[in-house]
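Please keep the sequence and the model in view while reading.

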Amino acid sequence: QHIKFQLHRNFKNDAKKQKREVSAYLVGDSLTSPDFHLFEMLDQFEHLCKLKTVDLWGDQLVHLKQWKQNFSSLPENMQYLESQFHTEWPLNNPYAIFGS
């Protein structure tokens, strides 16, 4: 819970400092490695929360949810996100308890 709150607080403060809407990019105005890493983590957490019927986003993670939606809607990401590699393949190895 503390990690979740700290991550939200940092992300929210950054958006306020920049005085703009949440971007689809974490750093600058183009895709970078951290974008893909955070997206993958949030995507897996979202799947796990659905499996356990837990609300990942709630009222406190609005900025992270918006960032994930913005990142997902980038044309260069949509092709992958709509493909079988994302929709049908396991998140983890086939023997994992979650995401296999």
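**Helix packing and the nonpolar core**

H2 passes H3 in a left-handed crossing, a term used when the near helix is turned anticlockwise from the far one by less than a right angle. This is a predicted model, in which local features need pLDDT of at least 70 and side-chain atom pairs count only at pLDDT 80 or more, while totals for chains, interfaces and linings use all residues. Residues are numbered from 1 along each chain as its sequence is written, and side-chain values use heavy atoms, with hydrogens and water left out.

Helices are DSSP runs (H or I, at least four residues) numbered from the N terminus. The axes of H2 (residues 33-51) and H3 (residues 62-72) come within 11 Å and cross at roughly 110°; axes are lines fitted to C-alpha atoms over the stretch in contact, with angles from 0 to 180 degrees between N-to-C directions. H2 is therefore roughly perpendicular to H3, the term for angles of 65 to 115 degrees. Contact means heavy atoms within 4.5 Å, and the residues making it include Phe36 and Leu42 of H2 and Trp67 and Phe71 of H3.

The largest nonpolar core has 15 residues, of which Leu42, Trp57, Leu64 and Trp67 touch the most other members. Such a core is a set of buried Ala, Val, Leu, Ile, Met, Phe, Trp, Tyr and Cys residues joined through side-chain atoms within 4.5 Å. H2 gives the largest share of this core, four residues.

Asn77 lies in helix H4 (residues 75-81). Because its relative accessibility is 7%, Asn77 counts as buried, that is, under 20% relative accessible area with a 1.4 Å probe and protein chains only.

Methods: Helix = DSSP H or I, 4+ residues; strand = E, 2+ residues; numbered from the N terminus. Buried < 20%, exposed > 50% of the residue type's maximum accessible area, 1.4 Å probe, protein only. Parallel < 35°, antiparallel > 145°, perpendicular 65-115°, else oblique.
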